[in-house]
Amino acid sequence: MPLATPDVLDRLFAVVSSRRGTDTSISHSARLLARGRRKIAQKFGEEAVECLIEAVAGNRDELISESADVLYHLIVMWVDAGVEPGEVWSELLRREGTSGIAEKAARPRDPLA
């Protein structure tokens, strides 16, 4: 297997985007997108919890597998919401070199918190 690079996420985004509105009987992505945002969010949450469980349990191989599921379902959520990967990459770039503590302190305060 060739060495994977982060551009695999951009390719996955393109594939998921191309599945919107296609035959739900042959595409899992099309099926998820057709079921709507609540179901997409639910699946993302389920996968995130499974990822956390494997991390806490110290199951490295399962953590890798569940991490891939989390990223896939996150991308499905992006496609549904009209978020482009480049927008997320730009936000990460904006935060690069900034202390996480400083970045969090600079966020607007939630008046309900």
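I began with His73, which is found in helix α4; helices here are DSSP runs of H or I with at least four residues, strands are runs of E with at least two, and both are numbered from the N terminus. I am working with a predicted model, in which local features need pLDDT of at least 70 and side-chain atom pairs count only at pLDDT 80 or more, while totals for chains, interfaces and linings use all residues. I also noted that residues are numbered from 1 along each chain as its sequence is written, and that side-chain values use heavy atoms, with hydrogens and water left out.

**Entry on His73.** I looked up its accessibility and found that His73 counts as buried, at 5% relative accessibility; buried means under 20% relative accessible area, exposed means over 50%, and partly exposed lies in between, with a 1.4 Å probe and protein chains only. Leaving aside residues up to four places away in sequence, I listed what His73 touches as His28, Leu32, Ile40, Lys43, Phe44 and Glu47, where contact means heavy atoms within 4.5 Å. I then checked Ala41, which lies in helix α3 and counts as partly exposed at 35% relative accessibility. The C-alpha atoms of Ala41 and His73 are separated by 8.2 Å, although the two are 32 residues apart along the chain.

**Entry on the whole chain.** I counted six helices and zero strands in the protein chain. Its C-alpha trace spans about 45 × 35 × 30 Å along the principal axes, and buried residues make up 21% of its 113 residues. Of the contacts between residues at least 6 apart in sequence, 55% join residues at least 24 apart.

**Entry on α3 and α4.** I followed helix α3 (residues 37-57) against helix α4 (residues 60-81), and their axes come within 8 Å and cross at roughly 160°. That makes α3 roughly antiparallel to α4. The axes are lines fitted to C-alpha atoms, for helices over the stretch in contact, and the angles run from 0 to 180 degrees between N-to-C directions; under 35 degrees counts as roughly parallel, over 145 as roughly antiparallel, 65 to 115 as roughly perpendicular, and the rest as oblique. The crossing of α3 and α4 is left-handed, a term used if the near helix is turned anticlockwise from the far one by less than a right angle, with right-handed used if clockwise. Among the residues in this contact I noted Ile40, Ala41 and Phe44 in α3, and Val70, His73 and Met77 in α4. The residues of the contact of α3 with α4 divide into 12 nonpolar, two polar and nine charged; Ala, Val, Leu, Ile, Met, Phe, Trp, Tyr, Cys and Pro count as nonpolar, Asp, Glu, Lys and Arg as charged, and the others, Gly among them, as polar.

**Entry on α2 and α4.** I found helix α2 (residues 28-35) packing with α4 at an angle of about 50°, with their axes 10 Å apart, and α2 and α4 are therefore oblique to each other. α2 passes α4 in a right-handed crossing. His28, Ser29, Leu32 and Leu33 in α2 meet Tyr72, His73, Val76, Val79 and Asp80 in α4, and I sorted the residues of this contact into five nonpolar, three polar and one charged.

**Entry on α1 and α4.** Helix α1 (residues 7-19) and α4 pack at an angle of about 55°, with their axes 9 Å apart, and they are therefore oblique to each other. This crossing is right-handed. I noted that Leu9, Leu12, Phe13, Val16 and Ser17 in α1 meet Leu71, Tyr72, Ile75, Val76, Trp78 and Val79 in α4; by class, the contact has 10 nonpolar, one polar and no charged residues.

**Entry on the aromatic rings.** I found one aromatic pair in the structure. It is formed by Trp78 and Trp89 and is edge-to-face, with 5.8 Å centre to centre and 75° between the planes; rings of Phe, Tyr and Trp (its six-membered ring) pair if their centres lie within 6.5 Å, and planes under 30 degrees apart count as stacked, over 60 as edge-to-face and the rest as tilted. Trp78 is in helix α4 and Trp89 is in helix α5 (residues 85-95), 11 residues apart. Trp78 is buried, with a relative accessible area of 11%, whereas Trp89 is partly exposed at 31%. Finally I checked Asp10, found in helix α1, which touches Pro85 and Trp89, not counting residues up to four places away in sequence.
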